[in-house]
Amino acid sequence: MEPYLSTFPDLENSAILFKPFLPGENFSLREPWKRPATPKFKSVDIAAPARLHFSLFDYTKMKPPSPGGGGVGISTSVFKTKINISVDDSRRRNNNLPPSTRHIVLLFEKLADYNKDNVHIQITSEVPYSHHGYGSNVALNTSIFYGLNVLFGKPFSERDVYDILTHNYVENTDDQQVHWGFDTGVGEACLLFGGFVLIDEHGKFIGNIEVGKFYALMAKGNMANIALTDYLKRGLAMKGETGLVEAKINEEVGMVHQKQYGHQIKQFLRTELEPIFVNNRKEELFAKIWKLNDIGTFKRMQMSYRPDVMLDFEARSKTAGAIYSGISSAGPSMFALFDEKAKADSLIKNLPENLSLYFDHYRVDHAGEKIETDATN
């Protein structure tokens, strides 16, 4: 099939859009977000789960720096980002941090009108894999901003934090600079609100459905083995989808899927998913969520990864009693969700040896947990 080229994204303009800049530049600010504040605690510990993103609704709405694309998601605690943030007037802060982290700190200080340069951040653990579907960057960004918010007495509500972060999403270009990144809003919502979350194609938070005790089995994908030739030729086995590379593959591959399935996805969002989330109907969600795999990102990624491997993992997840199974974001990691840990453990035991070529790391832990903080004076 010939690629369907749309007006999104304009790759010439995208090169300008993703031009690197220094942390602290190009903030997207609104007057109501500016709220002078000072620290109310001396220290806060933050623990934030990773995120799973089940399906994108509309590639054409992905236009940084605004959020767009939407999707369904849930957090997974198989990995956690853990951070300590403190204030100490006796020394200047340590700026030996990732550029995106420095950017988020400066963003918060700009909004809080805080200029003392005495905020210290220590990252003790984070998602060890980037561009594998765990949302490592969005988890770190959200942890930093939300932790600062708690440290300063929560001048911003969770909805405020969501709006601010989704309009200021950046990724690291190198050790010193950042660039705008594609942000659907799913990652921030998973961490801030918990449970299953739904974000529409415009980046609007529709709602969340709490799940109680819930478990995610994560299978880390081996890009070199699971990716199809086209994906490997693009250099994605090493770099992942980010910045201009992501824009290019959205244009040349994602839009092929959008042309074929976009109407069905949007109809499913409007007529089925939105009423389910607005009315908090968990069991109905469980009954209908598998439909995403016939029309959404799970289908789209079969254009880039081996369909036989993806379908085998999905089928075995169903047999093990999964509530849902799919691929997270652009992959290559896959997941299965369960209402009992024993079911997740049984799936691992029954996965055939040949799948070890494609997935080299399995972990099971809670799903649907929110970001947690512990502040001290």
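Helix H2 comprises 14 residues and spans 20 Å from its first C-alpha to its last, close to the 20 Å expected at 1.5 Å a residue. The structure described here is a predicted model. Because 12 of the 14 residues of H2 are buried, the helix is largely enclosed by the rest of the structure. Those buried residues are Pro99, Ser100, Thr101, Arg102, His103, Ile104, Val105, Leu107, Phe108, Glu109, Leu111 and Ala112. Their packing partners are S3, H3, H4, strand S4 (170–172) and strand S5 (178–180). Directly after H2 comes aspartate 113, which has a positive phi, near 55 degrees.

A pair of aromatic rings is described by the distance of the centres and the angle of the planes. The model holds 19 aromatic pairs. One of them joins phenylalanine 108 to phenylalanine 156 in an edge-to-face arrangement, with 5.9 Å between the centres and 80 degrees between the planes. This pair links distant parts of the chain, since phenylalanine 108 belongs to helix H2 (residues 99–112) while phenylalanine 156 lies in the loop between helix H3 (136–151) and helix H4 (158–166), 48 residues apart. Phenylalanine 108 and phenylalanine 156 are both buried.

Another edge-to-face pair is formed by tyrosine 114 and phenylalanine 152, at 5.0 Å centre to centre and 90 degrees between the planes. Here too distant parts of the chain are linked: tyrosine 114 is in the loop between H2 and strand S3 (119–125), phenylalanine 152 is in the loop between H3 and H4, and 38 residues separate them. Tyrosine 114 and phenylalanine 152 are likewise buried.

In soluble globular proteins, nonpolar side chains tend to be buried together. The largest nonpolar core of this model has 63 residues, and Phe54, Phe196 and Leu337 have the most contacts inside it. Helix H9 (residues 243–278) gives the most to this core, contributing 7 residues. A second, separate core of 42 residues includes Leu111, Tyr114, Tyr162 and Val186. Leu111 is also among the buried residues of H2, and Tyr114 is the partner of phenylalanine 152 in the ring pair described above.

Leaving aside residues up to four places away in sequence, phenylalanine 54 touches Val72, Gly73, Ile74, Phe196, Ile289, Leu292, Thr297, Tyr324, Ile327, Phe335 and Leu337. Ring pairs also link Phe54 into a cluster with Phe196, Phe214, Phe286, Trp290, Tyr324 and Phe335. At tryptophan 290, lysine 318 lies over the face of the ring, 4.8 Å from its centre.

S10 pairs with two strands named here. Strand S8 (residues 215–221) runs antiparallel to S10 over 5 bridges, and alanine 216 has leucine 337 of S10 as its bridge partner. Strand S9 (residues 324–327) is also antiparallel to S10, over 4 bridges, with tyrosine 324 opposite leucine 337. S9 and S10 form a hairpin with 6 residues between them, and serine 329 in the turn has a positive phi of about 55 degrees.

Notes: Residues numbered from 1 in each chain as written. Predicted model: local features only at pLDDT ≥ 70, side-chain atom pairs only at ≥ 80, totals over all residues. Heavy atoms only, no water. Phe/Tyr/Trp six-rings, centres within 6.5 Å; stacked < 30°, edge-to-face > 60°. Buried < 20%, exposed > 50% of the residue type's maximum accessible area, 1.4 Å probe, protein only. Lys NZ or Arg CZ within 6 Å of the ring centre and 35° of its normal. Expected span 1.5 Å × (residues − 1). Contact = heavy atoms within 4.5 Å. Core = buried A, V, L, I, M, F, W, Y, C linked by side-chain atoms within 4.5 Å. Pairing = 2+ DSSP bridges.
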